[in-house]
Amino acid sequence: MLNPYLLRNEIHLTAEKLLKKGYTLDVSEISSMEKKRKKLQVETENLQYNHNILSNLFKNTKIIQEENQILKDKIIKSGKDLQIAKTQLNSLKEKIYTFSLCIPNIPSDDVPEGNTSMNNKKIKYWGIKKEYNFRVQDHVEIGKKFNELDWTSSAKISGARFVVMKGDIALLHRALSQFMLDLHTIEHGYKETYVPYLVNPKALYGTGQLPKFSNDLFHINFMEKNNYILIPTAEVPLTNLFSNQILDEKDLPIMLTAHTPCFRSESSSYGRDTRGLIRLHQFDKVELVQIVNPEKSMETLEELTGHAEKVLQLLDLPYRKVLLCGGEMGFSSAKTYDLEVWFPSQKKYREISSCSNMSDFQARRIKARYKKKHKQKISLVHTLNGSGLAIGRTLAAILENYQHSDGRVEIPKILQEKYMQGLKFIN
């Protein structure tokens with residue numbers, strides 16, 4: 001959520017900055033509501049002041065019975081008027097709050113202009129694309145050939161955009177999650193965390209998926225008592241661990257990682273990129289979250305993105321790092337890097353990780369704050385998150401990049417002994 005100060009005092013500048021995200025702020029609507037709020041605020045404060053004077057007068061003054069009743073009547077009337085004004089003010093504040101929930105975060109100044117992937121800025125390329133002297137198969141063909149990516153069975157028990165994995169491919173899927181967790185906890189310093197896969201709506205409001213992206217989520221009504229939602233990413237529970245907390249500056253940064261399934265209806269992406277493991281309703285991901293001092297958040301974004309890059313480098317998968325333009329960024333993000341891995345069957349790079357600095361946008365929603373050293377001042381933290389990595393897409397990239405002419409798929413060397421029980425090839 002944006003700082004209310006921006007909507008009250010810098011509304012036109014804020015609207016101009018939001019255009020970079022392709023969002024048109026209704027300046028007249030928010031300005032009209034703010035004008036009414038200020039007027040009601042003054043009226044309510046005046047009514048409260050007068051009501052207090054009458055109440056104190058009644059308590060402290062000895063007066064005759066007749067005058068006493070007149071004063072009582074005045075107090076009753078002023079109390080009713082005050083309650084009406086408070087109700088109107090609270091209702092208007094709630095309306096402004098609801099309006100504000102739908103306003104995206106302001107992009108950083110160095111975010112490129114534009115609304116499509118063509119406007120994204122390529123930062124760097126890493127790795128060497130392999131040359132093949134045979135017809136390259138995509139990961140769907142490879143999985144079917146091994147009979148270890150089973151789309152028929154998953155469709156029978158769940159429907160489209162689910163998968164059943166078997167045998168060595170299932171083992172590789174598990175190995176990747178263990179490898180990523182070990183790397184991020186042992187080498188990068190994250191604390192492994194196990195989190196619920198079901199959260200309440202408040203948590204998703206906190207990280208920005210609600211209210212705008214409700215249709216992209218899986219909602220569960222349990223016995224008509226509790227409204228749960230399946231997590232679209234571990235970012236949601238990990239970030240919300242710090243809701244309504246005041247942290248000590250000495251404890252920052254806080255670095256957490258979690259391996260979870262992720263559930264996405266993705267109704268807005270219907271018919272797009274749905275082949276194979278690229279866009280499933282259920283997929284696994286190792287998530288990285290950092291809670292940091294605001295002064296260090298942009299520096300931390302580079303660091304966190306580097307942690308995700310390290311996974312691709314150790315797996316020897318060619319990729320590129322891309323700075324997203326305003327129109328391609330997420331709702332809550334101030335700046336985002338995408339890591340895109342090379343898929344030889346498509347002869348194109350595909351997103352495998354998205355790393356974002358949310359600035360104080362999520363922190364303001366969840367009231368995550370910190371106390372500065374030797375000072376009483378309390379400020380909002382900055383939150384960051386990134387995929388480190390999406391496991392299904394990493395698996396697909398390995399199947400395609402490591403295929404051989406004889407039909408075998410080589411296992412990346414770093415996985416063979418420790419994570420794949422000595423297996424060097426999937427036959």
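This is a predicted model: local features need pLDDT of at least 70, side-chain atom pairs count only at pLDDT 80 or more; totals for chains, interfaces and linings use all residues.

Residues are numbered from 1 along each chain as its sequence is written, and side-chain values use heavy atoms, with hydrogens and water left out.

**Exercise 1. Work out where Lys77 and Asp81 sit and how exposed each one is.**

Step 1: Helices here are DSSP runs of H or I with at least four residues, strands are E runs of at least two, and both are numbered from the N terminus.

Step 2: check the distance. The closest N and O atoms of Lys77 and Asp81 are 3.0 Å apart, and the two form a salt bridge. That term asks for a side-chain nitrogen of Lys or Arg within 4 Å of a carboxyl oxygen of Asp or Glu. The structure holds 16 salt bridges.

Step 3: look at exposure. Buried means under 20% relative accessible area, exposed over 50%, and partly exposed in between, using a 1.4 Å probe and protein chains only. Lys77 counts as exposed because its relative accessibility is 52%, while Asp81, at 29%, is partly exposed.

**Exercise 2. Find which parts of the chain the pair Lys418 and Asp182 links.**

Step 1: confirm the contact. Lys418 and Asp182 meet through their side chains in a salt bridge, at 4.0 Å from N to O.

Step 2: trace the chain. The pair links distant parts of it, with Lys418 in helix H13 (residues 413-419) and Asp182 in helix H7 (residues 167-187), 236 residues apart.

**Exercise 3. Is Arg393 buried or exposed, and what does its side chain reach?**

Step 1: locate it. Arg393 is part of helix H12 (residues 391-401).

Step 2: Arg393 is buried yet has no salt bridge, and Glu351, the nearest side chain of opposite charge, is 4.4 Å away. In this count Lys and Arg are positive, Asp and Glu are negative, and His and the chain ends are left out.

Step 3: The Arg393 side chain reaches the backbone oxygen of Glu351 at 2.7 Å.

Step 4: list neighbours. Skipping residues up to four places away in sequence, Arg393 touches several residues, including Phe343 and Ile352; contact means heavy atoms within 4.5 Å.

**Exercise 4. Which strands pair with E11, and how are its faces covered?**

Step 1: In strand E11 (residues 319-323), 5 of its 5 residues are buried. Tyr319, Lys321 and Leu323 lie on one side, Arg320 and Val322 on the other.

Step 2: find the partners. Strand E1 (residues 121-126) pairs with E11 in the antiparallel sense over 5 bridges, and 5 bridges also join E11 to strand E12 (residues 335-343), again antiparallel. Two strands pair if DSSP finds at least two bridges between them.

Step 3: Lys124 stands opposite Lys321 in E11, and Arg320 has Glu340 in E12 as its bridge partner.

How values were computed:
A polar contact is a pair of N or O atoms within 3.5 Å; within protein, one must be able to donate a hydrogen and the other to accept it, and residues adjacent in sequence count only if both atoms are side-chain atoms.
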